[in-house]
Amino acid sequence: MPFFVEPWFVLGFLGLLVGSFLNVVICRLPAGESIVSPPSRCPGCGHRVRPFDNIPVISWALLRGRCRDCRGPISPRYPFVELLTGATFGVIGARFGFTPGSMFLLVFAAAMVAVVFIDLDHQIIPDVITWPGLGLGLIASFFGPPHPVGALVGALIGGGTLFAIGFAYEKVRGIEGMGGGDVKLGLMFGAFTGWQGALFTLMSASFAGALVGAVLLARKKADGRTALPFGTFLAPAAVLSLFVAPRFFQWYGGLLHR
Ligand SMILES: [Zn+2]
C-alpha cells in the first residue's frame, strides 16, 4: 500500500484538521460560545483569520507565531494541539487501522485532547463532552473490545473510584478535592477502555499527578490546598491505556505468578 493511503497517514492528516477544530472547542466551549460560528478571529486585533492562514501547523510556522494583521503573538499551543491530535490519530490508525472501532476511538481521543486543555484552563470538564461520551463509549463497545460488559464494568470502576476518592477526601479534609466532572470523565473513559484500561488510567494519572504536585510543592508554586486539574492527567492516561493496558496487566500478572 502506498504510504498516502495507509491508515496512519490518512488519519494523522485528519487529526491535524480535527486539532485545528479542537483549538476552537477549547477556547469557546467553556465560555458557552458557538463552536461553529463566527469564524476564528485574532484575540489581539479581532481580524478574521484568513482561510489560507488557518492551515494546521504550517500557517503558524510561516507567520512565525504572529498575527498577519497586528503582529501580536499567537500561542504555540495552537500548533501543539494540532500536532498532538495528528500524532494521536496517526498512532490509532497504525494500531487499529480503518475499522468501525477505530472510528469511535478517534472521537474519544479528540474529546480527551479537549478535556486536557479545558480542565487545565478552567478546572472544569464540560458535561456536554462526558455524558454523550459515556453513551458513545457504550455504543462503541458493540464494535470491538472491551465489549459491552467490559465497557460497563470499566465505566463503573472509572467513575466509582473517582467518586469514592472524592467522597473520602471531602470527609477527611472538609474540602472538595474531586469535582463531579472527574467522576463523569471516569464513567466515560472507563466505557472506552474497559476495566484494565480504567485501572491503568487511574494508577498512572495518580502517579503523574503526585509527581507534578511534588515538583510544584518543591518549587513553592503550590501549597497543600492547591487542586491540580486531575482531568489533565486522566485524559492522556486514558488514551495511552488503549495501547498499553492489556500488555501492562500481562506483565504485572507475570510478576505475580513467577
Ligand atoms: Zn491580530
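Okay, housekeeping. Residues are numbered from 1 along each chain as its sequence is written. Since the model is predicted, local features need pLDDT of at least 70 and side-chain atom pairs count only at pLDDT 80 or more, while totals for chains, interfaces and linings use all residues.

Let's start with the layout. The domain assignment, which is automatic or from a database, gives us domain 1 (1-98) and domain 2 (125-258). Taken over C-alpha atoms, their centres are 27 Å apart.

Now look at helix α4, residues 100-122. Helices here are DSSP runs of H or I, at least four residues, numbered from the N terminus. The expected span is 1.5 Å times one less than the number of residues. For the 23 residues of α4 that comes to 33 Å, and the end C-alpha atoms are 33 Å apart, so the two agree. After α4 comes glutamine 123, with a positive phi near 55°.

So what about the core? By nonpolar core I mean buried Ala, Val, Leu, Ile, Met, Phe, Trp, Tyr and Cys residues joined through C-beta atoms within 7 Å. Buried means 20 or more other C-beta atoms within 10 Å, exposed means 12 or fewer, and partly exposed is in between, with C-beta atoms placed from the backbone. The largest core has 56 residues, and among those with the most contacts inside it are Ala109, Met112, Val113, Ala114 and Val115. Helices giving at least two residues each include α1 (7-28), α4 and α8 (230-256). Both domain 1 and domain 2 contribute residues, so this core lies between them.

Zoom in on valine 115. Leaving out residues up to four places away in sequence, valine 115 touches Ile125, Ile129, Leu185, Gly231 and Ala235, a contact being C-beta atoms, placed from the backbone, within 7 Å.

Most residues other than glycine have a negative phi, and most peptide bonds are trans. Here, the bond from serine 37 to proline 38 is cis, omega near -5°, and proline 38 is in the loop between α1 and α2 (58-62). Valine 57 lies in the loop between α1 and α2 too, with a positive phi near 60°. Valine 57 counts as partly exposed because it has 17 C-beta neighbours inside 10 Å.

The other cis bond to show you runs from proline 145 to proline 146, omega near 10°, and proline 146 is in the loop between α5 and α6. Then there's histidine 147 in helix α6, with a positive phi of about 65°. Histidine 147 has 12 C-beta neighbours inside 10 Å, so it counts as exposed.

Methods. Two residues are in contact if their C-beta atoms, placed from the backbone, lie within 7 Å.
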